[in-house]
Amino acid sequence: MKNEGLSADIKVARSEGFGLDVAIEIASGSTLAVLGPNGAGKSTLVAALVGLSPIDEGRVELGGVVLEDTDQGVFVPPAQRGIGVMFQDGLLFPHLSVRDNIAFGLRSTGISKGDAASRTDVWMDRLGLTDLAERRPAELSGGEAQRVALARAVVTDPRLLILDEPLGSLDVTTKAHARRTIAEFLNSYNGPALVITHDPTEAFLLGDEICILEEGLVSQSGTAADIRLNPQSRYAADLAGMNLFEGTAADGVVDVDGHDLYMPAHDVSGKVIVTFHPRAVALHRVKPEGSPRNTWKTTIAHIEPLGDTARVATSSPLALIAEVTTESARSLELVPGVAVWVSIKATELDVQAVSVQ
Amino acid sequence: MNRRQRWNRTERPPIVIMALGVVGVMFLALPIIGLLIRTPWSDLGSLLADDVVLDALQISLVASVAATLISFCIGVPIAFLLARTDFRGKSLVRALVLLPIVLPPVVGGAALLFALGRRGVVGGPLYDATGIVLPFSIWGVIVAVTFVAMPFVVITVEAGLRSIDGRYEGAAESLGAGRWTVLRRVTIPLIMPSLASGLALTWARAFGEFGATLTFAGNVQGRTQTMPLAVFVALESNRNAAIAMSLVMVAVSLAVLVLLRDRWWGVS
């Protein structure tokens, strides 16, 4: 398996601040999401993998071929790496039409005009770009530009696909659509794929595995559930330690496995993803009075301290994580098995459509 | 459409600024108007059909176009060196590039004479080896106007190279493009506006060059006499011919600038 995928061990010393020291493995057909805040070293990682900035120490191997090895002095230039990149901000060539942008990689590698045109046509058709073929990037909407960038990255059949903040510049409505396009593509793509993002939802939805990058180091990696339920650092908890549920929305209510969550607005329907931060969950020993409509009784499954706070996992009907201060955990006498009331304000729920109905 | 445009202030500037602007426009227009008023329109055809004029126009066009081509071939690469590489003495090279703009053209021409003249440091051995003498030939005109005009394309293209987003070139590389392909299909198109205006400025400067040409190449009708030199000579002897030739220079320059403006400086 390892031979088919990507195996990278990268150390880069940066002139100012911290460096990058990351080891990642991605099997063929699977997607790794690298999640991290601005300045965590995500761009450096992409540049190093693509070969646009040399690594100081380490090794990159893709599909059994060594692309870079500082010990052996191997360096394959970017043009010969066979890595398809959907760059942050798209980076579509502003002077070329949609068609020429997509065909760029094929033409550069010396594929005949006819072959390049027919392969370009296939992708334009598949991503619904045929009508836009002669347009310039400046004449495209954000979602269209994003699909062109995807087509340009994949038309050459790359051995590794890197999506760097693929949904970064899109507005909320376009995002759901675009994310679905990318998720569908990743499902059909049989090479290793890497998604770089600062958005936890994006990482959870697109990555088979997630790796959290903080100040140039991997602070945690694992499946979405591992990270969501058991974040290893303050940072991971803030960034990724979210409650996340899939459900079906209608009339201001999201049905999650038979349990109803009240939404802040009525504007979404159909399949949705609901996320909310553990800090938005309040725990009470008696039934709370007042506004929260999302209130139910449950028991505590387990408690995990994390710095000044504790992450409290509750059991059915909706297993979720609440984050409370250690002090209130003590005063509420929260221990596993204790019955508590959970309440969440509807306004704290982030509800996003998975597909546009 | 453009989100930024919403914040563009399109209100009128203060009245004083507008008045001064009008004064500026008049200052620039006045000489041209004076030229047009004094033009002997009825004799224009016969004045311009003169051999002196046709020779000078031909030499000027050949020399200025050649200077533009040479500047493209060796001036644009200087811009790449300055914008994309680091080397010792870079600030010296940049000063060298700017020198012909600051230097009186006569001094430039004299310097060329000392270096490339028949007894010059390089010109002497060149003559001994090949028998070629640059001064007092069309080649001398080309050398003189190139020396004076090339800096314009260098500084414009260098600025263009610095202002483009280098990530486009990285993206092209990752798509399998080699260095030449990146240059041809990405870098050059991206700097095209700077390149075009730089070449236009270079051409215009070469077309109007006077001092260096006179000093280095001389003023031989039919061999090295360019339009500006011919105008200067005619001012002493045949004022109407001088005016007619000036008019031609204005027309040719305006035509080139307007054409380039429509094509490259994207007036929407």
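1. The model is predicted: local features need pLDDT of at least 70, side-chain atom pairs count only at pLDDT 80 or more, and totals for chains, interfaces and linings use all residues. Residues are numbered from 1 along each chain as its sequence is written, chains are lettered from A and ligands numbered from 1 in the order in which they are written, and side-chain values use heavy atoms, without hydrogens and water.

2. In chain A, five strands form an open sheet in the order β16-β20-β17-β18-β19, with antiparallel pairing. Strands are DSSP runs (E, at least two residues), and helices likewise (H or I, at least four), numbered from the N terminus; two strands pair if DSSP finds at least two bridges between them. The edge strands of chain A, β16 (281-284) and β19 (321-325), each pair on one side only.

3. Within chain A, six bridges join β17 (residues 294-306) to the antiparallel β18 (residues 309-314). Pro305(A) has Ala310(A) as its bridge partner in β18(A).

4. In chain B, helices α3 (residues 51-84) and α4 (residues 90-102) pack at about 145°, with axes 11 Å apart. Axes are lines fitted to C-alpha atoms over the stretch in contact, and angles run from 0 to 180 degrees between N-to-C directions. Contact (heavy atoms within 4.5 Å) involves Ile78(B), Leu81(B) and Leu82(B) of α3(B) with Lys90(B), Val93(B), Arg94(B) and Val97(B) of α4(B).

5. The domain assignment of chain B, automatic or from a database, gives domain 1 (1-38) and domain 2 (51-264). Their centres, taken over C-alpha atoms, are 30 Å apart.
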